[in-house]
Amino acid sequence: MPSGRAPERPFPAVVQRSSLREQVAGALREELMAGRLAAGRHFTVKEIAELYGVSATPVREALVDLAAQGLLVVEQGRGFAVPRYTWDDFIDIVEARSLVIDGIFRRGRPRMAFLDGTAVPSLRRRADAAVRAARTGQLDVLVGCDRRFWAELGRFAGNRRISDYLDQLRVQYWIFASAYLRGREDLAAFCWSRHLELVERIEARDIPGVHRMLVDYNDESLRQMSMLCGEPLPQVPGQRAPVPEPGP
(Lines give C-alpha, C1' and ligand atoms only; values in the text may rest on other atoms or scores of the structure.)
Protein backbone atom coordinates (compact mmCIF):
# COMPACT_ATOMS: atom_id res chain seq x y z
CA MET A 1 0.00 0.00 0.00
CA PRO A 2 1.45 3.41 -0.92
CA SER A 3 2.68 5.40 2.05
CA GLY A 4 1.50 8.72 0.63
CA ARG A 5 4.94 10.24 1.08
CA ALA A 6 6.89 11.73 -1.79
CA PRO A 7 9.89 9.61 -2.77
CA GLU A 8 13.10 10.78 -1.19
CA ARG A 9 15.77 12.31 -3.41
CA PRO A 10 18.54 9.78 -4.08
CA PHE A 11 21.54 10.48 -1.88
CA PRO A 12 24.07 10.67 -4.76
CA ALA A 13 22.21 13.66 -6.23
CA VAL A 14 22.82 15.63 -3.03
CA VAL A 15 26.50 14.72 -3.06
CA GLN A 16 26.81 15.78 -6.69
CA ARG A 17 25.26 19.19 -6.07
CA SER A 18 27.49 19.77 -3.04
CA SER A 19 30.51 18.78 -5.12
CA LEU A 20 29.56 21.26 -7.84
CA ARG A 21 29.24 24.00 -5.25
CA GLU A 22 32.71 23.18 -3.95
CA GLN A 23 34.13 23.05 -7.47
CA VAL A 24 32.79 26.51 -8.30
CA ALA A 25 34.06 27.89 -4.99
CA GLY A 26 37.45 26.29 -5.58
CA ALA A 27 37.74 27.67 -9.11
CA LEU A 28 36.84 31.19 -7.99
CA ARG A 29 39.17 30.95 -5.01
CA GLU A 30 42.07 30.15 -7.33
CA GLU A 31 41.17 33.10 -9.56
CA LEU A 32 41.13 35.39 -6.54
CA MET A 33 44.42 34.09 -5.14
CA ALA A 34 46.23 34.48 -8.44
CA GLY A 35 44.98 38.05 -8.87
CA ARG A 36 43.05 37.29 -12.05
CA LEU A 37 39.92 38.80 -10.50
CA ALA A 38 40.85 42.40 -9.81
CA ALA A 39 39.96 44.11 -6.54
CA GLY A 40 36.64 45.92 -6.79
CA ARG A 41 35.32 43.85 -9.68
CA HIS A 42 31.56 43.24 -9.49
CA PHE A 43 29.71 40.19 -10.75
CA THR A 44 26.38 38.45 -10.33
CA VAL A 45 25.29 34.88 -9.77
CA LYS A 46 23.98 34.80 -13.34
CA GLU A 47 27.32 35.93 -14.76
CA ILE A 48 29.29 33.26 -12.92
CA ALA A 49 26.72 30.56 -13.71
CA GLU A 50 27.01 31.35 -17.42
CA LEU A 51 30.80 31.47 -17.20
CA TYR A 52 31.03 27.95 -15.77
CA GLY A 53 27.98 26.57 -17.54
CA VAL A 54 26.15 25.51 -14.38
CA SER A 55 22.86 26.38 -12.70
CA ALA A 56 22.44 29.35 -10.39
CA THR A 57 21.92 27.40 -7.16
CA PRO A 58 25.42 25.93 -6.66
CA VAL A 59 26.95 29.22 -7.83
CA ARG A 60 24.94 31.22 -5.29
CA GLU A 61 25.94 28.78 -2.55
CA ALA A 62 29.60 28.97 -3.58
CA LEU A 63 29.59 32.78 -3.60
CA VAL A 64 27.93 32.92 -0.19
CA ASP A 65 30.57 30.51 1.14
CA LEU A 66 33.38 32.69 -0.20
CA ALA A 67 31.75 35.81 1.24
CA ALA A 68 31.52 34.12 4.65
CA GLN A 69 35.28 33.52 4.45
CA GLY A 70 35.94 37.19 3.74
CA LEU A 71 36.99 36.48 0.16
CA LEU A 72 34.06 38.31 -1.45
CA VAL A 73 31.87 41.24 -0.47
CA VAL A 74 28.09 41.02 -0.72
CA GLU A 75 26.66 44.17 -2.32
CA GLN A 76 22.94 44.69 -1.92
CA GLY A 77 21.29 44.75 -5.32
CA ARG A 78 24.58 44.41 -7.19
CA GLY A 79 25.66 40.87 -6.41
CA PHE A 80 29.21 40.31 -5.22
CA ALA A 81 32.53 42.12 -5.45
CA VAL A 82 36.20 41.31 -4.96
CA PRO A 83 37.36 42.99 -1.73
CA ARG A 84 39.94 45.77 -1.76
CA TYR A 85 42.42 44.66 0.88
CA THR A 86 44.52 47.49 2.26
CA TRP A 87 48.01 47.39 3.75
CA ASP A 88 46.40 47.45 7.20
CA ASP A 89 44.32 44.42 6.19
CA PHE A 90 47.50 42.63 5.15
CA ILE A 91 49.12 43.44 8.48
CA ASP A 92 46.07 42.01 10.26
CA ILE A 93 46.29 38.83 8.17
CA VAL A 94 49.95 38.26 9.06
CA GLU A 95 49.37 39.21 12.70
CA ALA A 96 46.50 36.74 13.00
CA ARG A 97 48.64 34.02 11.45
CA SER A 98 51.52 34.86 13.79
CA LEU A 99 49.34 34.68 16.88
CA VAL A 100 47.78 31.36 15.88
CA ILE A 101 51.14 29.77 15.12
CA ASP A 102 52.62 31.15 18.32
CA GLY A 103 49.70 29.69 20.27
CA ILE A 104 50.25 26.25 18.75
CA PHE A 105 53.79 26.17 20.09
CA ARG A 106 53.02 27.81 23.43
CA ARG A 107 50.35 25.25 24.27
CA GLY A 108 53.00 22.53 24.10
CA ARG A 109 54.67 20.32 21.55
CA PRO A 110 52.83 20.34 18.20
CA ARG A 111 51.52 17.00 17.02
CA MET A 112 53.85 15.24 14.64
CA ALA A 113 52.04 11.93 14.37
CA PHE A 114 51.13 12.74 10.76
CA LEU A 115 54.78 12.29 9.76
CA ASP A 116 54.35 8.78 8.44
CA GLY A 117 56.26 7.22 5.59
CA THR A 118 54.54 9.30 2.89
CA ALA A 119 54.06 12.69 4.57
CA VAL A 120 57.62 14.03 4.33
CA PRO A 121 58.23 13.01 0.69
CA SER A 122 54.91 14.60 -0.26
CA LEU A 123 55.80 17.80 1.60
CA ARG A 124 59.21 17.85 -0.08
CA ARG A 125 57.66 17.54 -3.55
CA ARG A 126 55.30 20.41 -2.86
CA ALA A 127 58.12 22.48 -1.36
CA ASP A 128 60.34 21.88 -4.37
CA ALA A 129 57.54 22.85 -6.77
CA ALA A 130 56.87 26.09 -4.86
CA VAL A 131 60.55 27.06 -4.81
CA ARG A 132 61.00 26.35 -8.52
CA ALA A 133 57.89 28.37 -9.38
CA ALA A 134 59.20 31.36 -7.41
CA ARG A 135 62.61 31.16 -9.09
CA THR A 136 61.12 30.92 -12.57
CA GLY A 137 58.53 33.66 -12.07
CA GLN A 138 55.43 31.46 -12.44
CA LEU A 139 52.96 33.18 -10.14
CA ASP A 140 49.94 30.97 -10.89
CA VAL A 141 51.98 27.83 -10.20
CA LEU A 142 53.55 29.34 -7.08
CA VAL A 143 50.20 30.30 -5.56
CA GLY A 144 48.77 26.82 -6.01
CA CYS A 145 51.88 24.96 -4.85
CA ASP A 146 52.40 27.22 -1.86
CA ARG A 147 48.82 26.83 -0.68
CA ARG A 148 48.90 23.04 -1.04
CA PHE A 149 52.22 22.89 0.82
CA TRP A 150 50.91 24.85 3.80
CA ALA A 151 47.54 23.07 3.76
CA GLU A 152 49.32 19.74 4.05
CA LEU A 153 51.61 21.12 6.72
CA GLY A 154 48.54 22.41 8.56
CA ARG A 155 48.08 18.97 10.08
CA PHE A 156 51.08 19.93 12.20
CA ALA A 157 48.60 21.93 14.31
CA GLY A 158 46.66 18.79 15.19
CA ASN A 159 43.38 20.71 14.95
CA ARG A 160 41.27 20.82 11.79
CA ARG A 161 39.58 24.11 12.67
CA ILE A 162 42.93 25.81 13.18
CA SER A 163 44.21 24.34 9.92
CA ASP A 164 41.14 25.59 8.06
CA TYR A 165 41.52 29.07 9.55
CA LEU A 166 45.19 29.25 8.59
CA ASP A 167 44.25 28.20 5.06
CA GLN A 168 41.65 30.95 4.92
CA LEU A 169 44.27 33.49 6.00
CA ARG A 170 46.62 32.17 3.31
CA VAL A 171 44.02 32.72 0.61
CA GLN A 172 43.50 36.30 1.83
CA TYR A 173 47.28 36.78 1.91
CA TRP A 174 47.60 35.80 -1.75
CA ILE A 175 44.64 37.93 -2.82
CA PHE A 176 46.52 40.96 -1.52
CA ALA A 177 50.00 39.92 -2.62
CA SER A 178 49.14 38.76 -6.14
CA ALA A 179 47.97 42.22 -7.14
CA TYR A 180 51.55 43.44 -6.64
CA LEU A 181 53.33 40.31 -7.87
CA ARG A 182 51.50 39.65 -11.13
CA GLY A 183 53.70 40.40 -14.11
CA ARG A 184 56.95 40.30 -12.13
CA GLU A 185 59.67 37.80 -12.98
CA ASP A 186 61.64 38.29 -9.76
CA LEU A 187 59.12 36.51 -7.51
CA ALA A 188 61.86 34.91 -5.41
CA ALA A 189 62.88 38.39 -4.24
CA PHE A 190 59.45 39.05 -2.77
CA CYS A 191 58.18 35.59 -1.82
CA TRP A 192 59.43 33.42 1.04
CA SER A 193 61.02 30.34 -0.51
CA ARG A 194 62.63 28.36 2.32
CA HIS A 195 60.08 25.57 2.06
CA LEU A 196 62.71 22.85 1.61
CA GLU A 197 64.68 23.97 4.65
CA LEU A 198 61.48 23.87 6.69
CA VAL A 199 60.80 20.31 5.52
CA GLU A 200 64.29 19.31 6.69
CA ARG A 201 63.60 20.74 10.15
CA ILE A 202 60.29 18.88 10.30
CA GLU A 203 61.86 15.61 9.20
CA ALA A 204 64.49 16.01 11.93
CA ARG A 205 61.65 16.72 14.42
CA ASP A 206 63.43 19.91 15.38
CA ILE A 207 60.48 21.65 17.06
CA PRO A 208 62.34 24.83 18.15
CA GLY A 209 63.88 25.05 14.68
CA VAL A 210 60.49 24.72 13.02
CA HIS A 211 59.10 27.45 15.26
CA ARG A 212 62.01 29.77 14.49
CA MET A 213 61.46 29.29 10.78
CA LEU A 214 57.73 30.02 11.06
CA VAL A 215 58.44 33.20 13.02
CA ASP A 216 60.95 34.16 10.34
CA TYR A 217 58.40 33.33 7.65
CA ASN A 218 55.89 35.83 9.02
CA ASP A 219 58.56 38.49 9.60
CA GLU A 220 59.95 38.02 6.10
CA SER A 221 56.48 38.14 4.55
CA LEU A 222 55.96 41.59 6.05
CA ARG A 223 59.42 42.82 5.04
CA GLN A 224 59.05 41.63 1.47
CA MET A 225 55.59 43.08 0.93
CA SER A 226 56.50 46.31 2.72
CA MET A 227 59.37 46.77 0.28
CA LEU A 228 57.19 45.90 -2.70
CA CYS A 229 54.26 48.12 -1.68
CA GLY A 230 56.33 50.98 -0.32
CA GLU A 231 54.48 50.80 3.00
CA PRO A 232 55.95 51.18 6.52
CA LEU A 233 57.01 48.01 8.28
CA PRO A 234 54.93 47.38 11.43
CA GLN A 235 55.71 45.56 14.65
CA VAL A 236 53.34 42.65 15.20
CA PRO A 237 52.88 40.33 18.19
CA GLY A 238 54.24 37.38 16.22
CA GLN A 239 57.67 38.99 16.01
CA ARG A 240 59.24 37.56 19.13
CA ALA A 241 61.58 34.82 20.16
CA PRO A 242 60.45 31.23 19.59
CA VAL A 243 59.19 29.28 22.56
CA PRO A 244 61.83 26.96 24.07
CA GLU A 245 61.23 23.25 23.60
CA PRO A 246 59.42 21.77 26.63
CA GLY A 247 61.54 19.75 28.98
CA PRO A 248 60.98 16.05 29.62
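How many helices and strands are there in the protein chain? There are 9 helices and 3 strands. Helices here are DSSP runs of H or I with at least four residues, strands are DSSP runs of E with at least two, and both are numbered from the N terminus.

This is a predicted model, where local features need pLDDT of at least 70, side-chain atom pairs count only at pLDDT 80 or more, and totals for chains, interfaces and linings use all residues. Residues are numbered from 1 along each chain as its sequence is written, and side-chain values use heavy atoms, with hydrogens and water left out.

**Stop 1: the whole chain**

Show the protein chain from end to end. Along the sequence its pattern reads α-β-α-α-β-β-α-α-α-α-α-α. Of its 248 residues, 46% are buried. Buried means under 20% relative accessible area, exposed means over 50%, and partly exposed lies in between (1.4 Å probe, protein chains only). Now think about contacts, meaning heavy atoms within 4.5 Å. Among contacts with a separation of 6 or more, 73% link residues 24 or more positions apart.

**Stop 2: the sheet**

Select residues 79-81, which are strand S3. The 3 strands form an open sheet in the order S1-S3-S2, with antiparallel pairing. Two strands count as paired if DSSP finds at least two bridges between them. S1 and S3 pair over 2 bridges. Find His42: opposite it stands Ala81 in S3. Strands of a sheet pair through backbone hydrogen bonds, either parallel or antiparallel.

**Stop 3: helix H2**

Select residues 45-52, which form H2. Which residues of H2 are buried? They are Val45, Ile48 and Ala49. Their arc around the axis is only 100°, which puts them on the same side of H2. That arc is taken from the directions from the helix axis to the C-beta atoms. An α-helix has 3.6 residues a turn, so residues three or four places apart point the same way. The face turned away from the buried side carries exposed Lys46, Glu50 and Leu51. Next comes Gly53, which follows H2 and has a positive phi, near 70°.

**Stop 4: H4 and H7**

Select 87-106 for H4 and 160-181 for H7. Two packed helices are described by the angle between their axes and the distance between the axes. Axes are lines fitted to C-alpha atoms, for helices over the stretch in contact, and angles run from 0 to 180 degrees between N-to-C directions. H4 and H7 pack at about 155°, with their axes 10 Å apart. They are therefore roughly antiparallel. Angles under 35 degrees count as roughly parallel, over 145 as roughly antiparallel, 65 to 115 as roughly perpendicular, and the rest as oblique.

The crossing of H4 and H7 is left-handed. A crossing is left-handed if the near helix is turned anticlockwise from the far one by less than a right angle, and right-handed if clockwise.

Pick Leu169 in H7. Is Leu169 buried or exposed? Leu169 is buried, at 4% relative accessibility. Leaving out residues up to four places away in sequence, Leu169 touches Ile93, Ala96 and Arg97. Val94 sits 75 residues from Leu169 along the chain, yet their C-alpha atoms are separated by 8.0 Å.

**Stop 5: H5 and H8**

Select 119-135 for H5 and 195-203 for H8. H5 and H8 pack at about 165°, with axes 8 Å apart. That makes H5 roughly antiparallel to H8. H5 passes H8 in a left-handed crossing. Residues of H5 in the contact include Val120, Leu123 and Arg124, and those of H8 include His195 and Leu196.

Stay on H5 and pick Arg132. Arg132 is partly exposed, with a relative accessible area of 47%. Its C-alpha atom is separated by 9.2 Å from that of Ala188, 56 residues apart along the chain.

**Stop 6: H6 and H8**

Asp146, Phe149, Trp150 and Leu153 in H6 meet His195, Leu198, Val199 and Ile202 in H8.

**Last stop: Arg205**

Move to the loop between H8 and H9 (207-229), where Arg205 lies. Arg205 is not a glycine, although its phi is positive, about 55°. Arg205 is partly exposed, at 44% relative accessible area.
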